[in-house]
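Open the model in your viewer and get ready to select residues by number.

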Amino acid sequence: MAQYESFSFATLDGLRQKIGSLGLGLGISFNEDLSVLAEPAAAGKRIIPNRFSTLPMEGRDSLPDGSPGEFTFRRYRRYGAGGWGLIQFEACAVWQGGRSSDRQMCIEPSTEKAIAALLEATRSAAREALGPSHSPLCLLQLQDAGRYRHATGTTPGLTVPYELLDRRAKVPEDVVPLSDADIEAVQDRMTEAAVRAEKIGFDGIDIKSCHRYLGSELLAAHLRPGKFGGGFDGRTRFLREMTERIRSAVKNPSFLVTSRMNLFDGFPYPYGWGCDRSDPPVPDMTEPLKLVGILKELGLDLLTTSTGTPYYNPWLVRPFDRLIPGNIEAPEHPLEGVARLFSLTEKVQREYPDLPVTGPGYTWLRQFGVFAAAANVARKAVTLAGFGRTGFAYPGLPRDVLEKGEVDPKKVCVSCSLCSEVMSQGGPTGCYAKDRDVYGPILKEHRASRKTH
């Protein structure tokens with residue numbers, strides 16, 4: 001296993017030297033002129049006011065019925081006031097049986113009003129903080145948790161059994177994989193949810209197809225019989241049909257249909273997607289690039305990239321300094337993960353230069369992440385810079401960059417993994433390192449619970 005130091009770079013030159021020592025000099029570059037991040041970008045028939053995007057980070061702080069809770073409203077008000085050009089609302093279950101927990105947001109007729117209020121609160125906070133001229137685009141991510149359905153009374157929705165993941169997800173041995181009819185029912189619910197999101201007032205939706213939830217799992221369903229598995233056409237059918245169906249179902253032609261899609265998940269054939277069949281740790285972008293081109297032709301307006309799954313190989317998704325107790329140690333330096341995220345995203349953007357692409361990987365770089373974002377945007381390796389954990393820790397980062405031209409190093413995410421750790425134990429997700437007044441008591445309770453168990 002690779003051993004690495006925690007982030008200790010006080011200067012950009014020091015960080016550059018480390019990147020060079022790891023042989024990553026061509027994978028990560030920096031531009032200290034941040035003005036490019038203030039430029040607008042087109043997506044479909046809409047204009048995104050700047051190049052900053054939140055990534056859809058689940059808060060696990062909704063009410064039992066799936067309505068947003070007090071902490072949910074607080075998070076999104078802070079995003080609204082933070083100056084983000086694109087706000088990707090977190091994974092929202094399209095039915096009660098598809099929820100990942102009892103605290104996941106769920107879009108149904110009974111929760112419409114509350115979710116609409118959350119959207120308006122976000123936009124109102126943006127207007128109050130930055131004036132009426134700033135109007136962030138707001139997307140709602142739609143999800144069925146699949147294997148990770150863990151709300152009370154639900155059964156994990158397997159597409160293909162895979163012992164490695166089933167064991168970690170505590171899937172009962174007697175669970176029967178979903179039928180084609182079950183998956184078609186999810187498609188119906190997701191289409192209805194997209195129409196509902198349009199009615200509520202969202203600017204678009206995101207079809208979640210990452211991190212081995214249902215949509216992502218099907219991309220790797222090589223061993224699944226029937227219409228949603230086997231060859232490329234079967235494994236990509238769910239996402240292709242969802243893109244077509246939602247594009248046809250919504251009334252507004254400027255309503256954005258987008259997807260956050262894994263480009264690579266790091267599992268061996270026949271259980272992986274985007275992986276070299278003879279060397280699974282190595283990405284093979286043949287199928288992902290082919291699928292992106294098809295989705296673009298079907299009406300996809302924007303793609304957000306990702307890799308791996310936080311439930312097994314989190315270093316692929318979000319490079320970190322501190323390992324969550326009980327998880328697998330990263331076999332690489334975090335900078336290698338950052339470079340991979342940048343490289344895979346760039347491959348998509350180069351192949352489809354007229355498709356807006358949002359790419360991740362900036363948070364571990366701390367205050368220097370915006371310099372990498374500026375470099376990637378300037379050289380057209382990505383359209384938007386996506387920030388996940390940074391949104392929890394430093395929701396006002398875009399506003400500071402746009403108004404002051406700088407980042408406050410004391411506010412950046414420190415990749416301590418506490419947000420993920422507490423979430424994995426069923427608690428709400430927020431920044432337990434920087435937002436202690438709000439989340440400190442929850443962390444104290446979490447640690448006390450761990451000691452007693």
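Select Cys-275. Cys-275 is buried, at 12% relative accessible area. Buried means under 20% relative accessible area, exposed over 50%, and partly exposed in between (1.4 Å probe, protein chains only).

Before moving on, know what you are looking at. This is a predicted model: local features need pLDDT of at least 70, side-chain atom pairs count only at pLDDT 80 or more, and totals for chains, interfaces and linings use all residues. Residues are numbered from 1 along each chain as its sequence is written, and side-chain values use heavy atoms, with hydrogens and water left out.

**Cysteine sulfurs**

How many disulfides does a search of the whole structure find? The search finds 0. A disulfide here is a pair of cysteine sulfur atoms within 2.5 Å. Cys-275 is in none, and the nearest cysteine sulfur, on Cys-210, is 15 Å away. Now select Cys-413 and Cys-431. Cys-413 is in no disulfide either; the sulfur of Cys-431 is the nearest cysteine sulfur, at 6.3 Å. Cys-413 counts as buried, with 9% relative accessibility.

**A buried strand residue**

Next, pick Cys-138. Cys-138 sits in strand β5, residues 137-143. Strands (E, at least two residues) and helices (H or I, at least four) are DSSP runs, numbered from the N terminus. Cys-138 has a relative accessible area of 0%, so Cys-138 is buried. Show its contacts, meaning heavy atoms within 4.5 Å. Leaving aside neighbours within four places in sequence, the partners of Cys-138 include Ile-87, Phe-89, Leu-119 and Phe-202.

**Two helices**

Leu-119 takes you to α3, where Leu-119 is among the residues that meet α5. Select α3 (residues 112-130) and α5 (residues 180-200): their axes come within 10 Å and cross at roughly 50°. Axes are lines fitted to C-alpha atoms, for helices over the stretch in contact, and angles run from 0 to 180 degrees between N-to-C directions. The two helices are therefore oblique to each other. Angles under 35 degrees count as roughly parallel, over 145 as roughly antiparallel, 65 to 115 as roughly perpendicular, and the rest as oblique. On the α3 side, show Glu-112, Ile-115, Ala-116 and Leu-119; on the α5 side, show Arg-196, Lys-199 and Ile-200.

**A loop proline**

Last, select Pro-49, in the loop between β2 (46-48) and β3 (52-54). Is Pro-49 buried or partly exposed? Pro-49 is partly exposed, at 24% relative accessibility.
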